[in-house]
Amino acid sequence: MLIFELSRPGRRNPSQAPRNAPGLNAIPEGWQRKSRPLLPEVSELDAVRHYTNLSRLNFSIDTHFYPLGSCTMKYNPRACNHLAMLPQFLARHPLAPADTGQGFLACLFELQEMLKAMTGMAGVSLAPMAGAQGEFAGVAMIRAYHVARGDAARTEILVPDAAHGTNPASAVMCGCTVREIPTDAQGNVEPAALQAAVGPRTAGLMLTNPSTLGVFEHTILDIEKIVHDAGGLLYYDGANLNAILGRVKPADMGFDVIHLNLHKTFSTPHGGGGPGAGPLGAGPRLVPYLPLPVVARDGDAYRLADETDLPQSIGRLSAHAGNAGVLLRAYVYARLLGREGLKRVGEFATLNANYLMGELRKAGYEVAFPARRASHEFIVTLKALREETGVTAMDVAKRLLDKGFHAPTTYFPLLIAECLLIEPTETESKQTLDAFVQAMQEILEEAHHNPQLVKSAPHATPVRRLDEVKAAREHDLAWKPCAH
Amino acid sequence: MTTPANLKYTKSHEWVKQEADGTVTVGITHHAQEMLGDLVFIETPAIGRKLKQGEQCAVAESVKAAADIYAPLSGEVTAANAELADAPEKVNADAYAAWMFRLQPNDPGELAGLLDAAAYQVIAGADKR
Amino acid sequence: MPFIPHTEDDIRAMLAAIGVGTIGDLFDEIPASLRGGGLSGIPPGVNEMEITRLMHERAERDGRWLNFIGAGAYEHQVPAAVWQIATRGEFYSSYTPYQAEASQGTLQVLYEYQSMMASLTAMDVTNASLYEGASALAEAVLMAVRIHKSARRVLMPATVNPVYRRVTRAIVRHQGIELVEVPYCAECGHVIPAALHAYAGQEFAALVIPQTNFFGVLEPADEMTAWAKANGVLVIAVANPIALAILRPPGEWSAGGADIVIGDGQPLGAPLASGGPYFGFMACRERHVRQMPGRVVGRTVDVDGRPGYTLTLQAREQHIRRSRATSNICTNQGLMVTAATIYMALLGPDGLARVAQTCHSNALKLAQQLTALPGVKRRFSGAVFHEFVLQLNAPVADVLHALKAQGILGGFALTQDYPELGDALLVCATETKHDEDLARYTANLRRILGRRFRAAGCALKPKAGSWH
């Protein structure tokens with residue numbers, strides 16, 4: 001039932017609308033709205049009940065184990081939300097003077113400093129609102145650097161073929177061309193292929209380490225040398241930072257610019273799709289180009305640095321200071337963990353991933369890189385299972401929903417056939433992991449003895465498999481009263 | 001499904017039919033539609049557009065992928081199949097009957113470079129995903 | 001170890017199962033020279049009590065102010081139920097709804113949102129959000145250029161929010177797209193349609209029309225749209241969602257209405273919060289839906305014929321189309337949209353209209369009171385929604401400073417973005433302002449302008465929360 005179907009003409013919520021009848025109206029007659037917008041007329045109880053019940057149809061970290069590879073679905077501490085939503089923080093207008101926001105700016109400044117320390121980078125901007133925006137900004141910074149040096153021909157960005165889709169998409173949005181570099185059987189970028197691809201048109205290489213295949217690019221120092229020797233710069237996609245937080249600094253690997261996903265590594269909420277935050281860290285060469293604003297400190301006072309402070313900045317990516325509330329949540333998280341806690345993140349994320357990988361192998365699953373350590377995630381391939389039983393990775397994912405677990409990431413990275421990318425995160429206990437292995441074991445047995453049960457899963461969810469072809473062919477993207 | 005012998009093919013899975021009036025008709029192969037899955041949308045090139053061989057000129061979109069379709073020959077687009085706008089599934093039903101666009105080629109030398117049915121069959125067979 | 005549940009026994013058992021001696025062994029593939037990135041720059045961890053205390057101190061230091069700043073972010077009353085429901089764990093900690101069967105809550109909320117927003121803007125379809133208004137304008141420009149196929153220039157009135165223009169340029173210039181500024185009339189505060197004739201015969205992909213514009217003034221959108229359509233130019237409308245409750249929406253403008261509508265959805269339930277998170281909304285005509293960036297939810301049925309919701313048209317997005325995607329956007333502002341949907345459901349069409357009408361009425365009242373003071377004039381003659389520009393006979397910065405000393409944030413100074421206007425101040429009054437607030441502003445401004453005003457050495461320190 002849609003909220004519109006609960007609607008009854010004339011139903012109002014008097015306590016929610018302004019009390020005083022408006023006195024003056026100077027909107028010209030010709031500009032007054034005549035059509036009635038399709039907003040529901042429901043009581044407050046109807047609305048509360050409706051949306052509360054809808055929420056209960058969702059899987060979430062607060063309700064289910066969510067081993068989505070590359071998403072880092074770790075527990076979102078409640079304190080982060082509570083403290084970011086203190087009334088004074090919520091009430092502050094973005095254009096209010098800096099001296100009305102010293103508390104807020106202190107949190108952001110300290111977050112900048114902590115991110116610098118964690119990554120080894122020389123400067124940080126908290127402005128980008130998501131990883132993709134961070135990537136766009138990072139590529140723009142690389143371009144700006146080359147143009148400033150008179151090397152405007154460098155317009156090609158190299159991307160491993162296993163990269164996340166936002167990498168090539170961001171490069172193209174930035175006016176660059178994209179060239180893909182092949183990944184070898186071990187899941188690493190082939191130095192020889194990279195050497196053949198670099199040249200005077202190379203602006204830079206975008207890399208995730210550990211890679212999207214869940215393994216550490218141990219040729220990273222060779223890669224770094226090849227790209228830098230050819231005059232290009234190195235961009236680090238920080239999506240997998242959870243694996244090495246506290247262990248390895250991206251700056252030490254030679255990266256010139258990096259983005260972090262605060263909604264992954266720093267546990268800000270995924271919120272059903274967002275909001276996130278994708279802060280950028282820059283090495284000394286690229287600091288002048290960081291997007292605005294950056295939080296500056298003059299003595300005791302904080303302020304937002306602007307175009308006069310950073311004249312070579314690539315500019316602003318949004319109207320204000322980025323997803324400020326998300327940044328406050330990340331700040332609280334980082335303070336709660338502190339030096340020791342942040343170090344534990346990489347350690348226990350890696351412990352959990354290696355343990356889970358081993359247990360799933362014992363249960364009969366095939367791992368994509370059996371000779372490699374898992375980083376914070378690993379890939380299981382169901383190619384053989386499909387050939388034997390017809391059961392695919394998609395089917396296994398759907399059957400997991402029946403067992404009370406959210407599915408891992410499926411069919412990413414594209415290079416491995418019938419893959420599941422599994423990332424437990426450090427906040428899950430051994431008991432949870434063992435229960436997951438148990439469920440996977442059951443599904444494997446079902447695949448062999450009752451494949452139809454798996455192929456037609458899920459059975460226990462609010463809806464079963466949906467007709468996506470119908471959705472894409474017959475667009476029903478907005479409810480209309482007469483049509484339903 | 002057998003690959004029709006009276007058509008020519010490209011490595012990028014387009015088929016080409018030479019018409020009596022000198023134009024060619026272009027579509028995508030059975031193998032291509034199988035890889036894409038149920039098609040939900042076909043974007044055809046504008047009539048009058050001048051294409052170079054190998055230039056991206058159309059898109060076949062399914063739920064899980066959007067495949068670029070490339071001009072098999074250089075020339076000018078003379079027609080596009082309007083039926084596919086409402087019924088992209090025709091391509092799934094019979095890829096060789098569901099034509100996408102026609103063009104007037106302007107470089108006769110290019111025809112020799114197209115693949116025959118046997119050569120295309122090898123490519124399609126190797127492309128097992 | 002905060003949020004890490006492992007006991008010593010767990011660790012021992014797990015290491016044994018893996019077959020290594022220590023956790024450190026699991027990092028043996030990392031070159032030794034890279035290992036050991038110590039975190040000396042990070043302070044030790046604190047517990048929840050300690051961080052709570054610190055954050056309270058910082059929040060109290062920032063205080064509360066009587067706010068009359070608008071300029072793109074608006075103070076509105078948000079019903080308590082909105083965030084209590086939106087921060088339920090099932091909404092707050094759920095992921096992007098790629099596994100539709102596990103996400104029907106989120107997906108249905110998004111479908112309801114899309115329906116409400118499409119109707120509010122009087123367009124056919126909307127997406128499930130972009131980041132915020134300024135970058136949404138950039139995406140709209142990119143979309144218009146893709147649709148138009150030949151022109152790479154866009155007409156951008158100077159009355160569009162200045163930071164929106166700056167952000168759009170920062171993003172679209174990388175693809176060689178040029179923004180051409182359209183001047184405004186200094187007397188009325190909006191674009192004069194006749195000024196568009198200067199561009200006839202040149203190719204433009206789009207004309208951006210803000211309604212209302214940055215000055216709070218209504219643009220002659222019908223004439224501008226008619227000109228655009230007659231000249232093969234797409235129309236991108238920039239709208240305020242609260243204003244849409246009482247203003248004729250862009251989909252109903254003349255000559256078939258706008259082609260793309262964007263704006264910032266912040267007024268619908270997102271607190272000001274120093275600038276974010278907000279959300280960008282985008283609406284378009286059905287025929288352009290494949291060029292629209294961002295996620296879109298569609299209604300369909302499952303194998304049992306039950307209605308259900310799913311992400312659709314994903315082939316346009318980065319995870320499938322990669323370098324050929326309509327945009328690189330992946331994460332959006334999902335939670336803010338959830339809140340906005342609940343907000344709109346609680347207010348309904350009449351409640352939202354009341355909010356809008358009260359904003360409008362309060363702004364007019366305040367404008368009347370302030371312009372009755374000597375030295376204060378309305379700068380523009382055009383009709384306004386809930387913001388207006390005042391011309392002052394004293395330096396704006398000094399006036400604002402003195403108001404701030406009384407706990408009042410008097411508005412947004414236009415001196416930097418529009419130096420040609422001299423001492424001009426953009427003032428906003430929403431439904432959150434009572435008659436006493438308006439009287440307090442007026443009394444203080446009278447006092448400040450009435451004295452022989454000394455620019456330097458104002459001894460009053462700002463008092464937080466002093467507006468009671």
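This is a predicted model: local features need pLDDT of at least 70, side-chain atom pairs count only at pLDDT 80 or more; totals for chains, interfaces and linings use all residues.
## Reading strands, domains and contacts

Five bridges, in figures 5, join strand β8 (residues 294–298) of chain A to strand β9 (residues 301–305) of chain A, and the two run antiparallel.

User: Which residue in β9(A) is the bridge partner of Val294(A)?

Analyst: Pairing is read residue by residue across the two strands. Here Val294(A) has Ala305(A) as its bridge partner in β9(A).

User: How many residues lie between β8(A) and β9(A) in the hairpin?

Analyst: There are 2 residues between them, and Gly299(A) in the turn has a positive phi of about 65 degrees.

User: Which strands pair with β8(C)?

Analyst: Strand β7 (residues 260–264) of chain C is antiparallel to β8(C) and joined to it by 5 bridges; in that pairing, Val261(C) stands opposite Ala283(C). Strand β2 (residues 125–126) of chain C also pairs with β8(C) in the antiparallel sense, over 2 bridges. There, Val125(C) has Cys284(C) as its bridge partner.

User: And how do I read the nonpolar core? Which residues have the most contacts inside the largest one?

Analyst: The general idea is that nonpolar side chains tend to be buried together in soluble globular proteins. In this model the largest nonpolar core has 363 residues, and those with the most contacts inside it are Val141(C), Ala206(C) and Ile236(C). Leaving aside residues up to four places away in sequence, Val141(C) touches Val154(C), Thr168(C), Val172(C), Ile177(C), Ala206(C) and Ile236(C). A second, separate core of 5 residues includes Leu7(B), Trp15(B), Leu114(B) and Tyr120(B).

User: What does the overall picture of chain C look like?

Analyst: Start with its make-up: chain C has 12 helices and 15 strands. Of its 468 residues, 61% count as buried, and its C-alpha atoms fill a box of roughly 85 × 60 × 50 Å along the principal axes.

User: Where are the domains of chain C?

Analyst: The domain assignment gives domain 1 (66–75 + 349–450) and domain 2 (80–343). Their centres, taken over C-alpha atoms, are separated by 28 Å. The contact takes 23 residues from domain 1 of chain C and 21 residues from domain 2 of chain C. On the domain 1 side, α10 (334–371) and β12 (387–392) of chain C each supply at least two residues, and α10(C) gives the largest share, 6 residues. By class, that side has 14 nonpolar, 5 polar and 4 charged residues.

User: How many residues does the contact take from chain A and from chain C?

Analyst: For contacts between chains, read the counts, then the contributors, then the classes. The contact takes 172 residues from chain A and 163 residues from chain C. On the chain A side, helix α9 (residues 324–362) of chain A gives the most, with 22 residues. The residues of that side divide into 87 nonpolar, 52 polar and 33 charged.

User: How many residues of chain B are in contact with chain C?

Analyst: In that case, 6 residues of chain B are in contact with 4 residues of chain C. The chain B side has 3 nonpolar, 1 polar and 2 charged residues.

How values were computed: Residues are numbered from 1 along each chain as its sequence is written. Chains are lettered from A and ligands numbered from 1 in the order in which they are written. Two strands pair if DSSP finds at least two bridges between them. Helices (H or I, at least four residues) and strands (E, at least two) are DSSP runs, numbered from the N terminus. Two residues are in contact if their C-beta atoms, placed from the backbone, lie within 7 Å. Ala, Val, Leu, Ile, Met, Phe, Trp, Tyr, Cys and Pro count as nonpolar, Asp, Glu, Lys and Arg as charged, and the others, Gly among them, as polar. Domain bounds come from an automatic or database domain assignment. A nonpolar core is a set of buried Ala, Val, Leu, Ile, Met, Phe, Trp, Tyr and Cys residues joined through C-beta atoms within 7 Å. A residue is buried if 20 or more other C-beta atoms lie within 10 Å of its own, exposed if 12 or fewer, and partly exposed in between; C-beta atoms are placed from the backbone.
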